[in-house]
Amino acid sequence: MSEKKAATRDGFGRELAAMGHEFPDIVVLNADLSETTRTGYFEKEFPERHFNCGIAEANMMSIAAGLASAGYVPFASSFAMFAAGRAYEQVRNSIGYPHLNVKIGASHAGISVGEDGASHQCCEDIALMRTIPGMTIICPADEPEARAATRAAYHHDGPVYLRVSRFATPIISDWSNKEFEIGKGVTLREGNDVAIIATGIMVPEAVEAAKLLEAEGVNARVINMHTVKPLDAEIVTRAAKECGYIVTVEEHSVIGGLGEAVSSCVAENCPVPVKRIGVNDEFGYSGPAAELLKLFGLSAENIAKVSKELIGK
Amino acid sequence: MNSAEKRRLEAIACRLRMGIIEGTYNAKSGHPGGSLSSADLLTYLYFKELDVRPDEPDWPDRDRFVLSKGHAAPVLYAALAERGFFPAEELKHLRHVGSMLQGHPSMKSTPGVDMSTGSLGQGVSTAVGMALAGKIGRKDYRVYALCGDGEIQEGQVWEAMMSAAHFDLDNFVVIIDFNRLQIDGRVTDVMNPEPLDKKLEAFGFFTQVVDGHDFDELESAFDKASLVKGRPSAIIMNTVKGRGVSFMEDNAGWHGKGPNAEEYERAMNELKARLARITGGAK
């Protein structure tokens, strides 16, 4: 495992600040969390284009819609719980329904929020955003991918939900010479015994899991599904056909997220056994992020274990 | 305002009211009560106040109007049609499948609609966003939002108010249609929002209270609002729900249903007679 670690929220924040120089139509909105969501980097350089809306996420999302209607490209940021949860209806009605060009930078997603505990550990946001027609959902695997995804989100025409984390996680990707394509899964490792499809910070864990499996004679395909919506049905169907078994991994509930998106796709196109790894329909609790991820089975060891069980080894 | 100008506006308001009845009758649904109470305001806005271009609905420097009380779509559509954004014939297809006139305003469907609304409390926030855009873009346009007196029970409205004042949005005017009725009865009985004027003043707004059916008072209020610097303005309009159709006035029951054929005839006859009186027989 690469020793270099960084938080995807840092990639998001730094790229946003960099893009602020290139694109005068970017504006950034915050709900009293500019330091911790890293939109503060943009705020420092472009204070006249940054709006702190205070602890009022519903207002913030609709304000973003108004700014988008006037030709700006707003990035509205908060914790995932409040961006997707509290302001769900504003995202759905003010942004989603008129398909306005607002990018939602949702930080502190999942269990890895850590010590703050259940009220802040949002494991439902992908599910909520998936139900909004026209919403694009991207969960970058690491800091460089967060940068690429933030830039791609800017260029995408329509609302985007960008899910980033508080916790520093391993860097495994390099987007300096490749084009980040929204909606295209990336095969990180070939293999035909089982396909592990992961998103967000679970992708490095999936890569590690494949190494553990290799040592035991299991050849796993690893797919980075950074875009959960629209799902890359082609790569999923091919994985089902060629591997015969699929394991999904996400730092999110097993309900409504990547796992069920993949399950639906597989069931309709090429039914094979699927096992979803995620938070098993339970609330989180306080603790250090690294420890919690292991306790909730969101680790390379558990991914390898579940994969072996699925294929009957 | 001279009497000729007032007669002009009163005649237009009459036609807007006929458009509301036409729309909700053909739709067999919709919200006539809260549309009628706002008809004089919409007349004033679209025929005196707003700098808009019907042949260029997306003109970037236009004044913006957000119907935050989105269920009053019939009056917005009637005003847009009368102003020339689309043919009045479209009003007959309100809420029908495939219509450009959706049950609640849809900016992607209808030229002249600046924001999709319907879920109460959100429109006024989007209007704050538009006003912010005007400020950072150093534009001269003004932004107007119309809220209902039931709508202001939504907490988001007060988030919007707080932010409008915080951002010194003197290009922003919120109008409240205080017709005193909501679906379940009088607003003071359901969830009392009073004192509205003191609340808005406390939130930092230059606040005025007017008769929402009096063009002189509306003119005076908007003129005063346009001179305010450094803070947003609020205009609380005392109105009558269902105003202009005798059997709909001050009646909570006419919040959300369309008139039947007999009611349509009665309403249209009343309005046509009024229009004839105003114009002295001429159209």
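User: In chain A, what share of the contacts between residues at least 6 apart in sequence join residues at least 24 apart?
Analyst: This is a predicted model, so local features need pLDDT of at least 70 and side-chain atom pairs count only at pLDDT 80 or more, while totals for chains, interfaces and linings use all residues. Residues are numbered from 1 along each chain as its sequence is written, chains are lettered from A and ligands numbered from 1 in the order in which they are written, and side-chain values use heavy atoms, with hydrogens and water left out. A contact here means heavy atoms within 4.5 Å. Among those contacts in chain A, the share joining residues at least 24 apart is 79%.

User: What is the radius of gyration of chain A?
Analyst: The radius is taken over C-alpha atoms, and the globule rule is 2.2 Å times the number of residues to the power 0.38. For 313 residues, a compact globule would come out near 20 Å. Chain A agrees with that, at 18 Å.

User: How much of chain A counts as buried?
Analyst: Buried means under 20% relative accessible area, with exposed over 50% and partly exposed in between (1.4 Å probe, protein chains only). Of the 313 residues in chain A, the buried share is 64%.

User: How much area do chain A and chain B bury between them?
Analyst: The contact takes 24 residues from chain A and 25 from chain B. Buried area is the accessible area (1.4 Å probe) that two parts lose on being put together, summed over both. Carbon and sulfur atoms carry 61% of it, and the total is about 1800 Å².

User: Which helix of chain A gives the most residues to the side that touches chain B?
Analyst: Helices (H or I, at least four residues) and strands (E, at least two) are DSSP runs, numbered from the N terminus. Strand 3 (50-52), helix 4 (57-69) and helix 6 (88-96) of chain A each supply at least two residues to that side. With nine residues, the top giver is helix 4.

User: How many salt bridges does the rule find across the interface of chain A and chain B?
Analyst: The rule wants a side-chain nitrogen of Lys or Arg within 4 Å of a carboxyl oxygen of Asp or Glu. Across this interface the count is zero.

User: Is Leu76(B) buried or exposed?
Analyst: Leu76(B) sits in helix 4 (residues 73-83) of chain B. Leaving aside neighbours within four places in sequence, Leu76(B) touches Leu42(B), Tyr46(B), Phe65(B), Leu67(B), Pro105(B) and Val113(B). Its relative accessible area is 3%, so Leu76(B) is buried.
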